[in-house]
Amino acid sequence: MKLVLTAFLPFALGYFLSFLFRSLNAVVAPALRSELGLDDAAIGVVTSMYLAAFVVAQLPAGVALDRFGPRRVAPLMLLATALGAVIFALGQDVVMLSIGRALIGLGLSVALMCGFKANVLYWPIGRLPLVNAVMMTFGGLGAAMATRPVQWLLVDFDWRHVFLGLAAITVAVAIYQLFAAPRYERGGKGRLADELSGLMGVLRTPLFWKAGLAPTFSLGVWVCYTSFWAAGWLRDVAHLDEPSVGVALFALSIAIVPGYFFSGMIVDLLHRRGIRGGRVLLVFGMLFLAVHIPIALNVTAVPKLLWFAYVMFGGMSVVCYALVTRAFAPELAGRVNTTLNLICMLIAFVVQAAIGPALAWMEAAHGLPRAEAHQVVTVALLAVQAAIWLWFASSREARDLP
């Protein structure tokens with residue numbers, strides 16, 4: 001229990017905040033439209049700044065994690081998030097909102113990676129997929145809090161008050177991490193050049209790309225939709241009103257929990273029976289691609305159930321972090337995880353920032369209805385993912401990940 005309260009819970013709460021902030025803009029978007037007059041393209045740019053900061057921070061943060069440990073890195077980053085939340089709450093235009101959103105993303109860029117690094121340090125390496133999966137269920141809880149509960153708060157409070165309150169909570173979590181987490185024995189020993197050399201060694205390893213690219217690419221698309229564009233699909237294609245969208249997003253965020261948790265449990269149980277984790281990961285990827293098909297066909301009969309399956313199966317690919325990390329030395333865990341996260345968030349940023357302009361262009365230049373424009377985007381993303389997963393399946397090294 002002491003290990004849970006000191007080495008697990010502080011960083012799990014950080015990841016809770018990460019998913020809460022990541023998903024929040026989809027709920028406050030109507031308020032931003034009505035109060036500040038922002039259109040979908042502007043809101044898409046503001047929202048994507050979170051992911052842009054994520055991308056920029058990943059590699060240096062990975063080096064810092066391996067050099068200084070999660071106890072030093074995580075609280076400092078959360079203070080940047082708190083500052084960003086205050087700036088966002090005071091924002092009056094796209095520039096200020098983007099700066100605030102970028103600082104939020106910068107601060108939370110290693111929230112999950114800090115947890116993964118702590119898990120590598122303090123838990124048996126064979127149980128890493130399960131422990132990581134439990135860690136990530138906190139992200140599902142954070143996503144759930146960012147949907148219907150926030151809509152309830154917005155009935156009595158302004159969206160600015162919500163962000164100010166979250167800034168205070170973020171500071172409290174940072175203090176908890178600083179005083180509760182175990183000290184990192186390495187304490188910054190070793191040369192920075194050695195840390196960078198280790199990072200380059202990870203990037204030059206063929207297995208890293210063969211096993212890591214497909215799941216992280218799909219996770220990037222998944223992050224893009226779960227954090228913002230699923231709501232757009234529900235409005236534009238399924239034609240749900242705002243209260244129904246809020247209920248649907250709450251249900252979708254709940255789907256993250258079993259997706260994360262059972263993925264780790266399944267890999268853990270099958271690993272004990274001699275079944276390779278890479279083969280299980282490939283099955284998870286195929287299930288996620290299969291769910292894209294009815295979405296690409298604009299099936300709207302049971303939209304909440306359809307997107308529940310999308311979120312649940314899409315989240316299962318997160319076991320790639322633990323599986324790929326186990327193929328490297330433990331002292332490289334921070335760099336391996338943050339590099340994987342860099343790929344994921346880079347894809348999420350590009351896709352999230354591109355979908356809004358792509359939809360607008362197809363409507364303006366080709367006269368496509370918004371629902372059909374969504375369909376074109378979904379088909380294109382499905383085709384790219386299928387090609388990359390085929391590369392994964394053709395690699396024996398990737399399929400044989402332990």
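The lining of the largest pocket in this predicted model comprises 13 nonpolar residues, two polar residues and no charged residues. The volume of this pocket is about 270 Å³.

**Largest pocket**
- The lining consists of 15 residues, and those nearest the pocket centre are M145, L153, V162, L166 and I169.
- Helix α8 provides the largest share of the lining, with six residues.
- At least two lining residues come from each of α1 (2–36), α7 (148–156) and α8 (159–180).

**Largest nonpolar core**
- The largest nonpolar core contains 131 residues, and the members that touch the most others are F163, W222, Y225 and Y310.
- Helix α10, spanning residues 206–236, contributes 17 residues to this core, the largest share.
- With residues up to four places away in sequence not counted, F163 touches F21, L24, N25, V28, A85, F88, A89 and I104.
- In soluble globular proteins, nonpolar side chains tend to be buried together.

**Residue N119**
- N119 is located in helix α5, which covers residues 111–122.
- N119 counts as buried because its relative accessibility is 0%, and the cut-off for burial is under 20%.
- The contacts of N119, leaving aside neighbours within four places in sequence, are F8, L128, V131, N132 and M135.

Methods:
Residues numbered from 1 in each chain as written. Predicted model: local features only at pLDDT ≥ 70, side-chain atom pairs only at ≥ 80, totals over all residues. Heavy atoms only, no water. Core = buried A, V, L, I, M, F, W, Y, C linked by side-chain atoms within 4.5 Å. Buried < 20%, exposed > 50% of the residue type's maximum accessible area, 1.4 Å probe, protein only. Helix = DSSP H or I, 4+ residues; strand = E, 2+ residues; numbered from the N terminus. Contact = heavy atoms within 4.5 Å. 1 Å grid on protein atoms, 1.4 Å probe; cavity = no way out; pocket = protein on both sides within 12 Å on 5 of 7 lines; lining within 4 Å. Points joined across faces, edges and corners; volume = space filled by probe spheres on them. Nonpolar A, V, L, I, M, F, W, Y, C, P; charged D, E, K, R; others polar.
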